[in-house]
Amino acid sequence: MKAFYAVEQKQHNPKAFLSSGAPQPNPEQPERTERLLLGAKAAGCAIERPREHGRGPIAAIHTPEYLDFLEHIYTRWQRIEGASEEVIPNIHPLGRNGRYPASAVGQAGYHMADTACPISAETWDSACWSAWSAVEAAEAVISGAPAAYALSRPPGHHAFADAAGGFCFFNNTAIAAQHLRKQAARVAILDVDLHHGNGTQGIFYARPDVLTVSIHTDPVRFYPFFWGHADERGEGPGLGYNLNLPLPRKSGDEAFLEALQPAFRRIRAFAPDALVVALGLDAFEGDPFGGLSVSTPGFARMAEAISSLGLPSVIVQEGGYLCDALSDNLTAFLTGYASQ
Ligand SMILES: [Zn+2]
């Protein structure tokens, strides 16, 4: 399987985030790229550098205001006397029904959902290359590859059309799905990350051409809290084209594999021309987030099951944090996927 990654994706190096109000080291570390590269290579992937794709495929998902914000906010932030080194929001518009602010602080609050996505001088470049890796993997599938892997880092599925959040800046999964739409009339997204893909859901919530399905820890007491519940089914023309399958905390392999069945039924009924797998590896039992208890062989079984759908697939890296088995979990998934 082809895999795509650019070394610029490693430059983004967030320092901290607030966890239950307390400053903690940010878990979305550059070292993830090294571990994931090892895992992809061990699965036999040839790693290729994506081409530059400009703003086009990113702007197909994200708003012009957000793109301008993300490109320039770090420089603007440095002009504020006494400001933090990284851009971190401290005020948010409740309900987002107020006016669009002119100030850097106001815009940070408008475009950043939480404190987990600090912006530094390198963030824009890393986020662009992460998105272009996803675009290149979509291009490979459009050109006839049965599957391709995008080592997208920083991750993407918590990013909305106009907001960063949860370590994510550009929604690489949504960008890949939209890019596939150049050729595919219908695209399904299956998100198996530990956390609900709230950004992806938000982006496609009113659209019937992209089906969004997410299996994740029940958000009733877990990030992202406000989204990911079973009764969120889409709206307007998109009603019925969003399926959330929340699992109780600490659910293991069997519960996860069982949740794939209703996911597959919905995907088969939708009859998509292509699939995007939002591959979080943080459902792993040894992941620092510890929400679900999937094992390394569990990822292989998950991959075999998804691959048996027989759909041309773009696999986009989402979460999965530093732990001993991070490489092995990716190897297990990609090997399982290719074995079908
Ligand atoms: Zn996650």
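This is a predicted model: local features need pLDDT of at least 70, side-chain atom pairs count only at pLDDT 80 or more; totals for chains, interfaces and linings use all residues.

Trainee: What makes Asp193, His195 and Asp282 donors of the zinc ion?

Mentor: Distance. Asp193 (OD), His195 (ND1) and Asp282 (OD) sit at 2.0 to 2.2 Å from the zinc ion, and the cut-off is 2.8 Å, so they count as donors. Water is not among the atoms, so the site may look incomplete.

Trainee: What spacing do the donors follow along the chain?

Mentor: The spacing is D-x1-H-x86-D. The pair Asp193 and Asp282 links distant parts of the chain, 89 residues apart. Asp193 is in the loop between strand 6 (187–191) and helix 7 (198–204), while Asp282 is in the loop between strand 9 (274–279) and helix 9 (296–307).

Trainee: Why is Asp193 called buried?

Mentor: Its relative accessible area is 0%, and buried means under 20%, so Asp193 qualifies.

Trainee: What makes strand 6 and strand 9 a pair?

Mentor: The pair needs at least two bridges, and 5 bridges join strand 6 to strand 9, so the strands pair. They run parallel, and Ile189 has Val276 as its bridge partner. Strand 9 is also joined to strand 10 (residues 313–317) by 5 bridges, again parallel; there, Val277 stands opposite Ile315.

Trainee: Which elements make the right-handed β-α-β unit?

Mentor: Strand 9, helix 9 and strand 10. Right-handed means that, with the strands pointing away from you, the path from the first strand over the helix to the second runs clockwise.

Trainee: Now Asn244 in strand 8 (residues 242–247). Why is Asn244 called buried?

Mentor: The relative accessible area of Asn244 is 3%, which is under 20%, so it is buried.

Trainee: What makes the Asn244 and His196 side chains a polar contact?

Mentor: They are 3.1 Å apart, and the limit is 3.5 Å for N or O atoms that can donate and accept a hydrogen, so the pair counts. The Asn244 and Glu232 side chains, at 3.3 Å, pass as well. Asn244 also touches other residues, including Gln201, Ser214 and His216.

Conventions. Residues are numbered from 1 along each chain as its sequence is written. Side-chain values use heavy atoms; hydrogens and water are left out. Donors are N, O and S atoms within 2.8 Å of the metal (3.2 Å for Na, K and Ca); water is not among the atoms, so sites may look incomplete. Helices (H or I, at least four residues) and strands (E, at least two) are DSSP runs, numbered from the N terminus. Buried means under 20% relative accessible area, exposed over 50%, partly exposed in between (1.4 Å probe, protein chains only). Contact means heavy atoms within 4.5 Å. Lists of a residue's contacts leave out its neighbours within four places in sequence.
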